[in-house]
Amino acid sequence: MTGTIALQGGGPFVANDDLDRQLLDAAGARKIVMLPTADAFEHPEHLVAASLQWGERLDIEVEALMVLGRTDALDEGAAAVVRGASTLYLVGDQPLHLRSVMKDTPVWQAVVDMLAGGGLVVAAGGSASAMCDPMVDPRGGAFTLGLGLVTGLAFVNGSETWSVERLHRTLAMADIPVVCSPTGTAMVRHDNAWTHIGNTEIHGTL
Amino acid sequence: VGTTKRERQKANRQQRLEQLAKTARKEKTKRRSLQIGLIVVGGLIALFVAGYLYNKSDDETVLPADSVATTLDPTATTIDPLAPTTSAAPTTTVDPNAPTTTAAPTTTIAEAFTYGSGACPEADGSSEPPDTYEAPEQCIDASKTYTAQVVTNKGEFTITLDPARSPGNVNNFVTLARYGYYDGTQCHRIIKEFVVQCGRLGDDDAAPGYSVADELPSDGEYTEGMVVIANTGTADSGGAQFFIITGENGVSLPPSYSIIGQVTKGYNTTVAALENLADPLAESGTPPLVEVDITSITITES
């Protein structure tokens, strides 16, 4: 993987403007493709609207790619759009759905290829959790199989909303490092090194 | 099951729903009082914290007592623009190609399941439902064949259960069905090409009051028409609710749900009709366009 991947704790297009600016500047990006897949059943149009406002604030062109179900993810045309992008935003808060839609599809392969080709992939909220393998089921904190774009760590997004009990339960089950990332924080991997932005907590040794 | 028993079950169900509503009302009142209290306490805490922070410039991270958290050194990164926003500590380089450690579930063998102590109902469905449900003892013979005839207000379908694969979860489903637990519950969540989820009592996601251990498949075992046990996203948290996988989006779910069987009759008719009741505007598929009630689930053993 030679590209950059950013896992944001939450608040896509709302809570991460400074970081987004820095990431986009570093990547030289003037346009992004956003996939609101993980919110397919939770009014993805809200994320599209937020992304357009964000694009105006940051002077970035936004293309919303409505990959909401597996039929969309199996579409070669959608995969071509992803493959042709230099910056992707995967947003929405249902990691299980994102995993279900993307697993073993041309669109997901395009994401992998695009990152390998030096692109920038930003995932926020539950979508960030789904990038990892294992991923964390946000409902109860159990681990399950994720998409595996990131391995060797699990990502708890929106950790400020987690009860101490749930977090303890998750940490007790973990046999790998767990990163707890509140909204407004992030982990960024570039050149095989991780950087944390804000008060992320890393349980275990990366 | 005789008419009198059905009426008694209906009355019991009504009583349970009223009790749930009453509890919910009490909880709401309690929460409101608590919120007022919290606002007052929160104000005092805010004053205290503001005073504290005034004298302290460093960030501080609060961790659970038994955990150790570390942060990474922003200066180690080669992305210079990011450096100013980071905060503190040592650095680590990670090999992204390192082997993954996953919590990959494996199929559980029958002997591993720990049953409860709740009494078994009569196989003919004549037993009165208990006042409080408990995780059942072993009530089925995993070498036998069990089918469940599910009657809804929108048609019927048949599930052929798979006790060899998930003896504990099938045992639980059969036990609840024989007690008439599912009669009057709803299929409250329907999403096209994904799931039809049933077995919820009113709005109560915690029912039946206990949970059942997972008997998880391997990745890639889900197929259309399979019936699996819903859970709360933590280990061993299945209960009464189940869902039917109705399309590709369900087939590729991670293997976090115990499989109890397969719809073998009525999939292309009743289940398809139920799927068409999905409300595309409903949040996470709840509720469907019209109410879907389970009238009864009858278990046949052979």
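Visitor: Where does Asp20(A) sit?
Guide: Asp20(A) is in helix H1 of chain A, residues 17–27. Helices here are DSSP runs (H or I, at least four residues), strands are runs of E (at least two), and both are numbered from the N terminus. Mind that this is a predicted model: local features need pLDDT of at least 70, side-chain atom pairs count only at pLDDT 80 or more, and totals for chains, interfaces and linings use all residues. Residues are numbered from 1 along each chain as its sequence is written, chains are lettered from A and ligands numbered from 1 in the order in which they are written, and side-chain values use heavy atoms, with hydrogens and water left out.

Visitor: Okay, is Asp20(A) buried or exposed?
Guide: Buried, meaning under 20% relative accessible area, with exposed being over 50% and partly exposed in between (1.4 Å probe, protein chains only). Asp20(A) has no salt bridge, though. That term needs a side-chain nitrogen of Lys or Arg within 4 Å of a carboxyl oxygen of Asp or Glu.

Visitor: Which side chain of opposite charge is nearest to Asp20(A)?
Guide: Arg57(A), at 6.7 Å. For charge, Lys and Arg count as positive and Asp and Glu as negative, while His and the chain ends are not counted.

Visitor: And what does Asp20(A) touch?
Guide: Leaving out residues up to four places away in sequence, Asp20(A) touches Gln8(A), Trp54(A), Leu58(A) and Tyr89(A). Contact means heavy atoms within 4.5 Å.

Visitor: Tyr89(A), then. What is its bridge partner in E5(A)?
Guide: Val122(A). Strand E4 of chain A (residues 87–90) runs parallel to E5(A), with four bridges joining them. Strands pair if DSSP finds at least two bridges between them.

Visitor: Which other strand runs parallel to E5(A), with five bridges?
Guide: Strand E1 of chain A, residues 4–8. Ile5(A) there stands opposite Val121(A) in E5(A).

Visitor: How many residues of E5(A) are buried?
Guide: Five of five, across residues 120–124. Leu120(A), Val122(A) and Ala124(A) point one way, and Val121(A) and Ala123(A) the other. In a regular strand the side chains alternate between the two faces of the sheet.

Visitor: Switching to helices: how many residues of H6(A) are buried?
Guide: Eight of eleven, in a helix covering residues 106–116. Among them are Trp108(A), Val111(A) and Met114(A). Gly118(A) follows H6(A), with a positive phi near 100°.

Visitor: Back to charges. How many salt bridges are there over all chains?
Guide: The count is 17. One pairs Arg30(A) with Asp59(A), their closest N and O atoms being 3.8 Å apart. Arg30(A) lies in the loop between H1 and strand E2 of chain A and Asp59(A) in the loop between H2 and E3, so the pair ties together parts 29 residues apart in sequence. Arg30(A) is partly exposed at 47%, and Asp59(A) is exposed at 58%.

Visitor: What does Asp219(B) form a salt bridge with?
Guide: Arg99(A), with closest N and O atoms 3.0 Å apart. The pair crosses between chains, from a loop between strands E5 and E6 of chain B to helix H5 of chain A. Arg99(A) is buried at 2% relative accessibility, while Asp219(B) is partly exposed at 32%.

Visitor: Last one: how much of chain A is buried?
Guide: Buried residues make up 67% of its 206 residues. The secondary structure of chain A comes to eight helices and 14 strands, and its C-alpha trace spans about 40 × 35 × 30 Å along the principal axes.
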